[in-house]
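Please look over the sequence and the structure shown below. The notes that follow take a few places in turn.

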Amino acid sequence: PLEQLITSTPPPTIFKRRLQGVLKNARHILALINQLLDLSKIESGRMKVELVKGDIVDYTRELINRFQSMSKNKGQKLYFLSDKKSWVINFDNKKWDKIVYNLLSNAIKFTPEGKEIQVNLAEIYNQDEAHLKLCVRDTGIGIPEDQLEHIFDRFYQVDHSATREQQGTGIGLSLVKELIHLQNGTIE
């Protein structure tokens, strides 16, 4: 109904802005509910890995490009680097979306204007077996070392008075950790 109100006979500008704000908040709540449902599925063992064959470099580049305007609006520079131009592998693209989305959302949220965010995708080897390594770095405020061990705990939030307005729910990084572990990966 909100989308219909916004797109139907043009409402007054102030009304349209308010409706768009309500719609944005409704979508955000829906995303949070879906993250909680994903965590519940993982806990109950009902979430399965669904591999598809695709170019992980190209796919990741597309995901990063979706964040360019958000990053630009905050005066940030967002870079994507890969040691391969193309890399066709089997991966779960839906879970990869959620992992990249949550990591980049946090990086953008906690990186001040004029700073940069860099996403690196690399092939690494462990016991002669190729693995995927995704690294998200930013020049944001950082996390105190004594709190690093908790950042993937469910509902945990670093207590920075400077970031109180940016606080989230503490669900995103926990979901990332669970999705990565579900696929036999690690995160740090």
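Where is the place of Leu121? Leu121 sits in strand β4, which covers residues 116-126. The model is a predicted one.

**Leu121**
- Leu121 has a relative accessibility of 2%, and it counts as buried because this is under 20%.
- Leaving out residues up to four places away in sequence, Leu121 touches Ile56, Val57, Thr60, Phe80, Leu81, Ser82, Asp83, Trp96, Leu132, Lys133 and Leu134.
- Between Leu121 and Cys135 there are 6.5 Å in space, C-alpha to C-alpha, and the two are 14 residues apart in sequence.

**Gln76**
- Gln76 belongs to the loop that runs between α4 (68-73) and β2 (77-82).
- Gln76 is buried, because its relative accessible area is 6%.
- The Gln76 side chain comes to 2.5 Å from the backbone oxygen of Thr111.
- Apart from neighbours within four places in sequence, the residues in contact with Gln76 include Ser71, Ile108, Thr111 and Pro112.

**Helix α2**
- Helix α2 takes in residues 13-44, which is 32 residues.
- At 1.5 Å a residue, α2 should span 46 Å, and this agrees with its end C-alpha atoms, which are 46 Å apart.
- Buried residues of α2 include Leu19, Leu23, Leu32 and Gln35, as well as Asp38, Leu39 and Ile42.
- These buried residues pack against three helices: α1 (2-7), α5 (93-109) and α6 (172-182).

Terms used. Residues numbered from 1 in each chain as written. Predicted model: local features only at pLDDT ≥ 70, side-chain atom pairs only at ≥ 80, totals over all residues. Heavy atoms only, no water. Helix = DSSP H or I, 4+ residues; strand = E, 2+ residues; numbered from the N terminus. Buried < 20%, exposed > 50% of the residue type's maximum accessible area, 1.4 Å probe, protein only. Polar contact = N/O pair within 3.5 Å; in protein donor to acceptor, adjacent residues only side chain to side chain. Contact = heavy atoms within 4.5 Å. Expected span 1.5 Å × (residues − 1).
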